[in-house]
Amino acid sequence: MCIRDRIPVDEVVVQVPKNLFISLDNFSGDKETYGIFPKGLSKLQKFVVLLRNLHRAAEESNKWGIYFKSWPSELGNTILWSEDQLKRLIHAESRERLIEKKRRMIREYHQVVNFAKKVLPEYQNSSHSVKLLESLISMTESEYLFYLAVIESRAVFYKTELDPEGEVGALVPYFDFANHDFLKSEDGSPLDHFKYFVYVPEMESYIIKAYRRFSPGEQLFICYGNYEDLHYVEYYGFFPTLNPGNFYTIDVDTQIILEMLEPEYRTPQSQNFLFSIGSIALSSICLLYTSD
């Protein structure tokens, strides 16, 4: 997402009104579609099913059609990794958690298909419902996981009547075109993400505000949050560079550090440096994955 004109700090650059959001509430008025599901599926299962239905039905004339065409054809979330790939993760606790997560999502896929088979006879008088349920029965495991990955990587926090805790949130077209970076304010201070990338009830819109001055052609980023690397791999399919979430600052006795140095490095310069910082940043970056 690139800036076309010169933009001052705090100007609203992107504004997406809520009538463009894709959330559970978008479908609640469609009784033929949404009315089938409340008695049988979780919020996430409903969102996957309804998103898939909307995506498959969308044409360019549909208000979401062009947005759907912008989706990447492949995603890297760990939910789409094979179990053999997941087993190559080094950290045992993370490895087992992600393997179990994938198995759970596959079980939920089978629940959706079996649910559609079970209720299909009840809706024989509705051609719309029959078409939807038959489509679900033919849905593949890889399709289900793909839509899960889309929701994981693109949904934002958003509370609705049908999702009061924001468990699944909403897809906000075009807002999610912005790539991630660890951002700071123009003066170098930590950026208040909730000021610059946020839903504003008074505007009934998700907005992106300029967190610094921009010139034409510069790329506009948002921050997906301050997490460790594995979170980005799990939900977004990439490793961030220079992740501040991977560093920990600890206070140390710099005299001890100085004594650990080889004699030739115990110079006045190194001593002054160590005593001036008073703390050391340790990186928690570790080998997450092996190809062996």
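**Entry 1: Asp-10**

I looked up Asp-10 and found that Asp-10 is partly exposed, because its relative accessible area is 34%; the class covers values between buried (under 20%) and exposed (over 50%), with a 1.4 Å probe and protein chains only. The model is predicted: local features need pLDDT of at least 70, side-chain atom pairs count only at pLDDT 80 or more, and totals for chains, interfaces and linings use all residues. I number residues from 1 along each chain as its sequence is written, and side-chain values use heavy atoms, with hydrogens and water left out.

Asp-10 sits in the segment before strand E1 (12–17). I take helices (H or I, at least four residues) and strands (E, at least two) as DSSP runs, numbered from the N terminus. Asp-10 is not a glycine, yet its phi is positive, about 75°. Most residues other than glycine have a negative phi.

I noted a positive phi of about 80° at Tyr-174, which is not a glycine either. Tyr-174 belongs to the loop between E3 and E4. Tyr-174 counts as partly exposed because its relative accessibility is 28%.

Pro-164 lies in the loop between strand E2 (155–156) and strand E3 (170–171). With 42% relative accessibility, Pro-164 is also partly exposed. Beyond its neighbours within four places in sequence, Pro-164 is in contact with Lys-43 and Lys-159, where contact means heavy atoms within 4.5 Å.

**Entry 2: the chain as a whole**

I recorded twelve helices and nine strands in the chain. Of its 292 residues, 41% count as buried. Among contacts with a separation of 6 or more, 69% join residues 24 or more positions apart.

**Entry 3: the nonpolar cores**

I next examined the largest nonpolar core, which has 43 residues. Such a core is a set of buried Ala, Val, Leu, Ile, Met, Phe, Trp, Tyr and Cys residues joined through side-chain atoms within 4.5 Å. Ile-22, Phe-37, Leu-51, Phe-68 and Trp-71 have the most contacts inside this core. Helices H1 (24–27), H3 (43–57) and H4 (65–69) are among the elements that each supply at least two of its residues.

Leaving out residues up to four places away in sequence, I found that Ile-22 touches several residues, including Phe-47, Leu-51, Phe-68 and Leu-171. A second, separate core of 25 residues includes Ile-7, Phe-182, Tyr-196 and Leu-220. In soluble globular proteins, nonpolar side chains tend to be buried together.

**Entry 4: helix H10**

I listed the buried residues of H10 as Asp-229, Leu-230, Tyr-232, Val-233 and Glu-234. Their cover includes H6, H8 and E4. Glu-234 counts as buried because its relative accessibility is 3%. Not counting residues up to four places away in sequence, Glu-234 touches Asn-77, Thr-78, Arg-97, Leu-98, Lys-101 and Glu-152. After H10 comes Gly-237, with a positive phi near 80°.

**Entry 5: the largest pocket**

Finally, I turned to the largest pocket, lined by 45 residues. On a 1 Å grid over the protein atoms alone, a pocket is an open set of points where a 1.4 Å probe fits, with protein on both sides within 12 Å along at least five of seven lines; lining residues have an atom within 4 Å of a point. Glu-152, Ala-155, Val-156, Phe-157 and Tyr-236 lie nearest the centre of the pocket. H8 gives the most to the lining, with five residues.
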